[in-house]
Amino acid sequence: MAEDPDPNEMNDVEAVRRLLANAVRLKREDIANACRIRIYELSSHDYEDSIERRLWQAVTAYEETLREKHGRKQQASYTRRKIAAKGALQTLTDWALDPKVTPGFEALVAANAAEFTGEYVVVEYAEKFPVEAVRAAKKKLRMYGVEVATSNMNGPF
């Protein structure tokens, strides 16, 4: 019996997307979810700053949920412009402090990928953000049933 392919050993995003499509077709959610996470990870390898890397993983995660929903590439243009204008820390702070959640937040939570939301990144790197932003991010995550274990927030990435 053949061994399941491991997306974590792959470095070509398009190859991971092909594996994802096959996993979805074959109803292999375990492999499909591993593929999604690998795509998010590969999208941010050009960033040395860990917060910026996590932010771009979050943006990619949202864009990938849009790709799956619409069947084609769809960039989060407004988000990309905001990051270019305000930078990673301010963008994440603004997201956390906004009383509304973004469509990206809802899509990622629904896809069991809450750790790729901007709010999660704010909590993960709490020491880099204003206390009010961290508090607001935790509240949003909890409202959507996402458990946040701050003692474990050194991140897998």
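How many residues has helix α2, and how far does the helix reach from its first C-alpha to its last? In this predicted model, local features require a pLDDT of at least 70 and side-chain atom pairs count only at pLDDT 80 or more, whereas totals for chains, interfaces and linings use all residues. Residues are numbered from 1 along each chain as its sequence is written, and side-chain values use heavy atoms, with hydrogens and water left out.

Helix α2 (residues 29-43) has 15 residues and reaches 21 Å from its first C-alpha to its last, close to the 21 Å expected at 1.5 Å a residue. The expected span is 1.5 Å times one less than the number of residues; helices (H or I, at least four residues) are DSSP runs numbered from the N terminus. Residues I31, A32, C35, R36, R38, I39, Y40 and L42 of α2 are buried, that is, under 20% relative accessible area with a 1.4 Å probe and protein chains only, where over 50% is exposed and values in between are partly exposed. An α-helix has 3.6 residues a turn, so residues three or four places apart point the same way. The buried residues of α2 pack against α1 (13-25) and α3 (50-70). Residue K27 has a positive phi of about 60 degrees although it is not a glycine; most residues other than glycine have a negative phi. With a relative accessible area of 71%, K27 is exposed.

Rings of Phe, Tyr and Trp (its six-membered ring) are paired if their centres lie within 6.5 Å, with planes under 30 degrees apart counted as stacked, over 60 as edge-to-face and the rest as tilted. By this rule there are three aromatic pairs. The pair of Y40 and F116 is edge-to-face, because the ring centres lie 4.6 Å apart and the planes stand at 70 degrees. This pair links distant parts of the chain, with Y40 in helix α2 and F116, 76 residues away, in the loop between α6 (103-110) and α7 (118-124). Both Y40 and F116 are buried. The rings of Y47 and W56 have centres 5.8 Å apart and planes at 10 degrees, so this pair is stacked. Y47 is partly exposed at 26% relative accessible area, whereas W56 is buried at 11%.

Residue T91 is found in helix α5 (residues 88-97) and, at 0% relative accessibility, counts as buried. The side chain of T91 reaches the backbone oxygen of G87 at 2.7 Å. Beyond its neighbours within four places in sequence, T91 is in contact (heavy atoms within 4.5 Å) with K82, I83 and K86.

In helix α7, E124 is buried at 3% relative accessibility. The side chain of E124 makes a polar contact with the side chain of R54 at 2.7 Å; a polar contact is a pair of N or O atoms within 3.5 Å, of which, within protein, one must be able to donate a hydrogen and the other to accept it, and residues adjacent in sequence count only if both atoms are side-chain atoms. R54 and V101 are 47 residues apart in sequence and 18 Å apart in space, C-alpha to C-alpha. V101 lies in the loop between α5 and α6 and, not counting residues up to four places away in sequence, touches E106, K140 and Y144.

Technical notes
Helices (H or I, at least four residues) and strands (E, at least two) are DSSP runs, numbered from the N terminus.
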